[in-house]
Amino acid sequence: MSDPLITLTTDFGTASPYVAAMKGVILALNSRARLIDLTHDVPPQDIRHAAFFLASALPTFPPEALHVVVVDPGVGTDRAALYVEVAGRKLLAPDNGCWTLLADEQPPARVIRLAEPRFFRAQVSATFHGRDVFAPVAGHLSLGVDPGELGPPADRWVSLPFPRPRAAADRLCGEVVFIDGFGNLITNLPADALLGRRARVFVRSEEIPRVVRTYGEGGPGDLVALVSSWGRVEVAQVMGSAAAELQVGPGAAVTLEWQK
Amino acid sequence: MSDPLITLTTDFGTASPYVAAMKGVILALNSRARLIDLTHDVPPQDIRHAAFFLASALPTFPPEALHVVVVDPGVGTDRAALYVEVAGRKLLAPDNGCWTLLADEQPPARVIRLAEPRFFRAQVSATFHGRDVFAPVAGHLSLGVDPGELGPPADRWVSLPFPRPRAAADRLCGEVVFIDGFGNLITNLPADALLGRRARVFVRSEEIPRVVRTYGEGGPGDLVALVSSWGRVEVAQVMGSAAAELQVGPGAAVTLEWQK
Amino acid sequence: MSDPLITLTTDFGTASPYVAAMKGVILALNSRARLIDLTHDVPPQDIRHAAFFLASALPTFPPEALHVVVVDPGVGTDRAALYVEVAGRKLLAPDNGCWTLLADEQPPARVIRLAEPRFFRAQVSATFHGRDVFAPVAGHLSLGVDPGELGPPADRWVSLPFPRPRAAADRLCGEVVFIDGFGNLITNLPADALLGRRARVFVRSEEIPRVVRTYGEGGPGDLVALVSSWGRVEVAQVMGSAAAELQVGPGAAVTLEWQK
């Protein structure tokens, strides 16, 4: 059996000592733990970004990995800290909805409220539960602690609403839900809305001139619509940034208009 | 016994090949070494930032970890390269004070000047001791080389002065020592100056309106003072950046005024 | 024998879920794989940057490491995906020249075109071969699949032209090939052009006032020329950024003029 995998997803950046402190706490409890950085570049306090990130990345991981998520604007308030089993994945995360996109239509298999201070750091600060709660609980879990020991089952939790596209006879109205590092606009419009039928794509009121299969089909600077690698409609600029070119952010309207 | 842990802290960024080259050198010597990135985002040549980072993060690590630190504006000059045991931690670092905040009041248990070229790379450049000195020495240490073989004991080293707050009858005058990735201002004022007594907090001449226990007690945009997760007074903007709001950097004056 | 080493080099940044998704795919196939981040900060689609990065970093690694490179503007087009053995290193990379600087004068020992979908993800998207082709092939290789099973040998591939300096009787004309995280300008001029003879160094038409051995020989703000840690002429600003000071980017002319 290989050593336990623990992934880390935060909005701490790496210039500050927060991520390093978490790594130290986990390794001090279990020096065999194998730490995998997923990202520390979630925009500060951006739960929606974290939710999309996790829903996109975690399904590729093996089920035994434990995913520690600390994007936690409510730290130190009465928001709960959770252990969650959902969609075959295991997470530790604050109760702010960052994991609920993973659930999709199926309910989580298990949600536990972290309530046993013996698995926390001796002193728990009011501002850094990543180091004082989530990291030590991850360390204990990696040593074989049964999740049932962490606290009582939770029967409710914060759920992040995911914007659903609105359909009309000749169009589908959605929005940008994520902008990736290339400036590509990932939308909430499903791929099949674009495939197998002639469609025009608009970001706000600007039409995207071409629908393509991959970036290389357009020339440098061309704006194109295509199916993203996560099965959604994406708008991109070939060798450029659609977000910068169109000056849009998450939430911007994207419309598909089917042609007769 | 688990495989040896080696952490890396640099100001190299990751767009350049410097960090990767160090990783390769260590793994070529000991492919069982387990590399842990602490940060490569120390601002260029900022020894003070590195010192605060290390003093905050390293105490959480298990004692067996070896911490390699390369923030090294004096590379290639006659500044020494050191192996240090301090506060129960082991480091390799240039002799520029980046580790001395860890010592606090107790002296380091051991300081050795790296002087044995047989533990270096065959050719040592004048500009990249991370790859040519620190990484290979780390590799050799992880294979079991005794630190005493690395060179002679050092009896003096550069010590970084840490600014101490100045006390008066009704006030304590300190300063910002670190700005984290959220724009929170970490000061050199101890937590107990803020706890259990009524105090007003000023950054330069601007009063911080509220003293709170955690960020969630303020509304978005509020400036608050609180106890940081490292036991010091911190000034933050809820869901924002106090550094940007107040336009201050490290060294800015922070004053506590106790009320009668 | 230690667990297999797989390094990752991309232009994805880490705020997007792309790198994390690749890590999950590899670990789901082989949970013993040891993942090493080299960089995810190659500028978007910058094959030349990736080429210089790899040529500088990979020679330090042990030969058994597998290097996965995904800087891939041609994803989804008919550009090939390759397994390469070159200069004693093993890579998986798109066929866009990103690895050919490693070859220097010697030809690669082996180049194979990835052509066996049984080693790919079940569904291969048109836009993300990092997750769907390169990561799963890396996982299979780390489990012991013979590279010969991946596809047929390739007998041609894209080669990146490396700009060679032009020599005249009294001068050598080169250019900036890479700018590191400190703003240092790495050129294509070999070190021996600077050593052992008196030379004047110009960036465009501006003379660099001093030739030194290491940064510490100049005062803060001084522009200096020196031998870089990779054996090429480098232009730096002590405690500053030569790229910002001189406002130059890759491709800028650098000239050495020997003195009589």
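Student: Helix α2 (residues 47-57) of chain C: how many of the 11 residues are buried?

Tutor: Terms come before the count. Helices (H or I, at least four residues) and strands (E, at least two) are DSSP runs, numbered from the N terminus. Buried means under 20% relative accessible area, exposed over 50%, and partly exposed in between, with a 1.4 Å probe and protein chains only. In this predicted model, nine of the 11 residues of α2 of chain C are buried, so the helix is largely enclosed by the rest of the structure.

Student: Which residues of α2(C) are the buried ones?

Tutor: They are Ile47(C), His49(C), Ala50(C), Ala51(C), Phe52(C), Phe53(C), Leu54(C), Ser56(C) and Ala57(C). Here is the general idea for reading such a list. An α-helix has 3.6 residues a turn, so residues three or four places apart point the same way.

Student: What are the ground rules for the numbers?

Tutor: Residues are numbered from 1 along each chain as its sequence is written, and chains are lettered from A and ligands numbered from 1 in the order in which they are written.

Student: Now a strand residue. Is Leu91(C) buried or exposed?

Tutor: Leu91(C) is buried, because its relative accessibility is 0%. It belongs to strand β5 (residues 89-94) of chain C. Not counting residues up to four places away in sequence, its contacts include Leu54(C), Leu58(C), Trp99(C) and Leu102(C). His67(C) is another residue that Leu91(C) touches. Leu91(C) and His67(C) are 24 residues apart in sequence, with C-alpha atoms 4.5 Å apart.

Student: How far apart in space are Ala168(B) and Phe202(B)?

Tutor: Their C-alpha atoms are 15 Å apart, and 34 residues separate them in sequence. Ala168(B) lies in strand β7 (residues 166-168) of chain B. It counts as partly exposed because its relative accessible area is 40%.

Student: How do I read an interface?

Tutor: The size of an interface is often given as the accessible area lost when the parts come together. Buried area here is the accessible area (1.4 Å probe) that two parts lose on being put together, summed over both. Chain B and chain A bury about 2600 Å² between them, 60% of it on carbon and sulfur atoms. In chain B, Thr60(B), Phe182(B) and Ser229(B) lose the most area to chain A, together 23% of what that side buries. This contact takes 33 residues from chain B and 31 from chain A.

Student: How much area do chain C and chain A bury between them?

Tutor: About 2700 Å², with 60% of it on carbon and sulfur atoms. Pro17(C), Tyr18(C) and Thr127(C) supply 21% of the area that chain C buries against chain A, more than any other three residues. Here 31 residues come from chain C and 33 from chain A.

Student: What is chain A built from?

Tutor: Chain A has four helices and 15 strands. Of its 260 residues, 61% count as buried. Its C-alpha trace spans about 65 × 40 × 35 Å along the principal axes. Among contacts in chain A with a separation of 6 or more, 65% join residues 24 or more positions apart.

Student: Which backbone angles in chain A deserve a look?

Tutor: Look at phi in residues other than glycine. Met239(A) is not a glycine, yet its phi is positive, about 55 degrees. It sits in the loop between β14 (232-237) and α4 (242-246) of chain A. Its relative accessibility is 46%, so Met239(A) counts as partly exposed. Gln247(A), also not a glycine, has a positive phi near 50 degrees. Its place is in the loop between α4 and β15 (253-258) of chain A. At 67% relative accessibility, Gln247(A) counts as exposed.

Student: What confidence does the predictor give?

Tutor: pLDDT is the predictor's confidence in each residue, from 0 to 100. Chain A has a mean pLDDT of 95, and 99% of its residues reach 70 or more. For the complex, the predictor gives an ipTM of 0.96 and a pTM of 0.96.

Note on methods: Predicted model: local features only at pLDDT ≥ 70, side-chain atom pairs only at ≥ 80, totals over all residues. Heavy atoms only, no water. Contact = heavy atoms within 4.5 Å.
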